[in-house]
Amino acid sequence: VSAATLGLALGVIPWSYAGDRWGRLRTMGAAGMGTTFVVGSAVLGWILGLIVLFVMSLIAGALAPSFDGRNDGLQALKLLVYSGTAVWVASFLSIIPILGMIAVLVGFGYAIYLIYLGATSTVGVAPGKAGGYAVQGLAAAFVISLVGSYGAVVGLPLYETAALLDGAGYPVRAGWGGREL
């Protein structure tokens, strides 16, 4: 048996069990609801990423005069988009969890280096202060990415998720003794 056949079987068996247990229409509805959630989350994440990037450009522009530079929001935006590309490309490797974490850390390091290189030509930061500007800007990006992201800080609230699924007509069972959550 090939790995592709085994993977297909492992993907189909849970859905066939769910279809037998709850009916095909309810199971297909749950799959559609899950797909809608994934696509909606992706679009929302993209929009929030653009908002965070814009806010970061305002902060980076405001930080520049502290490092003998000029407050130019458009140039700061260009600098952050260019340097952030390294992290975005590296985040593709997060398909493999441990490799993704390493790649994103390397991408952040490279982003700091790119901000260090570009800060003097884009926002006019003094050459001797470009390293501090890059590190301080990255620290601000980290803080902004945590604000308002309850799920990123705490994790998935399983009880609330089970209650929402139950309210939508898909009862979730604990699995031990058939007790409901």
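**View 1. Helices H3 and H4 have axes that come within 8 Å and cross at roughly 160°.** The axes here are lines fitted to C-alpha atoms, for helices over the stretch in contact, with angles from 0 to 180 degrees between N-to-C directions. Angles under 35 degrees count as roughly parallel, over 145 as roughly antiparallel, 65 to 115 as roughly perpendicular and the rest as oblique. H3 and H4 are therefore roughly antiparallel to each other. This is a predicted model, in which local features need pLDDT of at least 70 and side-chain atom pairs count only at pLDDT 80 or more, while totals for chains, interfaces and linings use all residues. Residues are numbered from 1 along each chain as its sequence is written, and side-chain values use heavy atoms, leaving out hydrogens and water.

**View 2. Residues of H3 meet residues of H4.** On the H3 side, the residues in contact (heavy atoms within 4.5 Å) include Leu 79, Leu 80, Tyr 82 and Ser 83. Their partners in H4 include Phe 108, Ala 111, Leu 114 and Ile 115. By class, the contact of H3 with H4 has 14 nonpolar, five polar and no charged residues. For this count, Ala, Val, Leu, Ile, Met, Phe, Trp, Tyr, Cys and Pro are nonpolar, Asp, Glu, Lys and Arg are charged, and the others, Gly among them, are polar.

**View 3. Two serines, Ser 57 and Ser 83, are buried.** Buried means under 20% relative accessible area, exposed over 50%, and partly exposed in between (1.4 Å probe, protein chains only). Ser 57 sits in helix H2 and has a relative accessible area of 2%. Leaving out residues up to four places away in sequence, Ser 57 touches Gly 73, Ala 76, Leu 77 and Leu 80. Ser 83 belongs to helix H3, also with a relative accessible area of 2%.

**View 4. The largest nonpolar core has 17 residues.** Such a core is a set of buried Ala, Val, Leu, Ile, Met, Phe, Trp, Tyr and Cys residues joined through side-chain atoms within 4.5 Å. Those with the most contacts inside this core are Leu 80, Ile 115, Ala 119, Val 123, Val 125 and Tyr 133. Helices H2 (24–63), H3 (73–90), H4 (97–122) and H5 (130–146) each give two or more residues to the core. Helices are DSSP runs (H or I, at least four residues), numbered from the N terminus.

**View 5. Val 123 is in contact with Tyr 133, among others.** Leaving aside neighbours within four places in sequence, the contacts of Val 123 also include Ala 64, Gly 69, Arg 70 and Asp 72.
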